[in-house]
Amino acid sequence: DSAFTKATAAWRLFWEDDKMKYMTGLNAIYGFMSAFMLSFVNGEVVRQSFPQHDTSSTVSILLTVTSAVAALTSLIVDDVSHYIGKGLVVVSGICAYYIIVFLFVIHPELNNWGWSGLIPIFVLNGVARSVFESTLRSEFADFFPYEPEGAFANIPFQNGLFAAVGFFLSISFTCKFQDDYCVEYQDGDLHNTLAFELICMTIALLAILGHWRASNLFEQERFEEEKESLSRTDEVKLALV
């Protein structure tokens, strides 16, 4: 199918189905956290934590941790979903993102993280990425079975949109006096790290609330469909009497 067809399907689904509106927060936190990890963690925290090391090499090692954890998590996430439900697995992925940001809020000294601090961050990122790239996509398929093309088209579109906004915001909040939350970046300017962190944490909470509301709407739809199916069955039985 053409890009235009996918785009119109994505927009039509977003406009007509309230579930998609509430699911937007999930793509938003994924996009914002992509910006947070790439711009802030990889770009600034790693550089200031290892001033004597080559930043790109250190980042490559840490990204290997994320990839390995994501691969291992993908092997068990389906089984876990069967036991606790896809919804709780998705929420656990959001919580992993929330914890990442929260840890930087309570430990803002960027030059003190080191390997023992950053490895858990990249482990959590691997868990979250695995959930968002597998379980979340599966849940989109469940929630929008009548329009899978529009549902899956919304995922990369919204992810890309929010990642772009996130990258812009990650460098937009400046400050005047250097402290734990006013950090000098590679560009030489002072940036307010707390502002973007609070935005990411707020979006994570909104994503959980949005997912809860979308799940409720989905359950209501299933209930109505089952009730309608039973009604039709009863009508057929009466007609045969």
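Select D79: D79 lies in helix α3. Helices here are DSSP runs of H or I with at least four residues, strands are DSSP runs of E with at least two, and both are numbered from the N terminus. This is a predicted model, in which local features need pLDDT of at least 70, side-chain atom pairs count only at pLDDT 80 or more, and totals for chains, interfaces and linings use all residues. Residues are numbered from 1 along each chain as its sequence is written, and side-chain values use heavy atoms, with hydrogens and water left out.

**Stop 1: D79**

Is D79 buried or partly exposed? D79 counts as partly exposed, because its relative accessibility is 46%. The terms have cut-offs: buried means under 20% relative accessible area, exposed means over 50%, and partly exposed lies in between (1.4 Å probe, protein chains only). D79 and F32 are 47 residues apart in sequence. In space, their C-alpha atoms are 28 Å apart.

**Stop 2: the whole chain**

Zoom out. The protein chain has seven helices and two strands. Follow it along the sequence and the pattern reads α-α-α-α-α-α-β-β-α. Along its principal axes, the C-alpha trace spans about 85 × 35 × 35 Å. The chain has 241 residues, and 43% of them count as buried. Next come contacts, meaning heavy atoms within 4.5 Å. Take the contacts in the chain with a separation of 6 or more: 77% of them join residues 24 or more positions apart.

**Stop 3: helix α3**

Select residues 55–84, which form helix α3. Where is the kink in α3 centred? The kink is centred on I76 and is about 40 degrees. A bend at a residue is the angle between two axes, one fitted to the seven residues ending there and one to the seven starting there.

Colour the buried residues of α3: T58, V59, L62, T66, V69, A70, T73, V77 and S81. What covers them includes α2 (18–49), α4 (86–106) and α5.

Pick T58, which sits in α3. T58 is buried because its relative accessible area is 3%. Leave out residues up to four places away in sequence, and T58 touches V46, F50, H53 and W115. Then step past the end of the helix. G85 follows α3, and its phi is positive, near 95 degrees.

**Stop 4: helix α4**

Select α4, which has 21 residues. From first C-alpha to last, α4 reaches 30 Å, close to the 30 Å expected at 1.5 Å a residue. The expected span is 1.5 Å times one less than the number of residues. Which residues of α4 are buried? They are V89, V90, G93, I94, A96, Y97, I100, V101, F104 and V105.

**Stop 5: helix α5**

Select residues 114–143 for helix α5, which has 30 residues. At 1.5 Å a residue α5 should span 44 Å, and its end C-alpha atoms are 42 Å apart, which agrees. Look at F132: a kink of about 35 degrees in α5 is centred there.

Pick N125, also in α5. N125 is buried because its relative accessible area is 7%. Beyond residues up to four places away in sequence, N125 touches M37, T66, Y97 and I100. T66 is one of the buried residues of α3, while Y97 and I100 are among those of α4.

**Stop 6: α5 against α6**

Which residues meet here? R137, F140 and A141 in α5 meet A151, F152 and I155 in α6.

**Stop 7**

Select T8 in helix α1 (residues 3–16). T8 is partly exposed, because its relative accessible area is 30%. T8 and A153 are 145 residues apart along the chain, and their C-alpha atoms are separated by 9.3 Å.

Finish at N192 in strand β2 (residues 190–192). N192 is partly exposed, because its relative accessible area is 26%. Its C-alpha atom is 5.1 Å from that of T174, 18 residues apart along the chain. Not counting residues up to four places away in sequence, N192 touches F173, T174, C175 and Y181.
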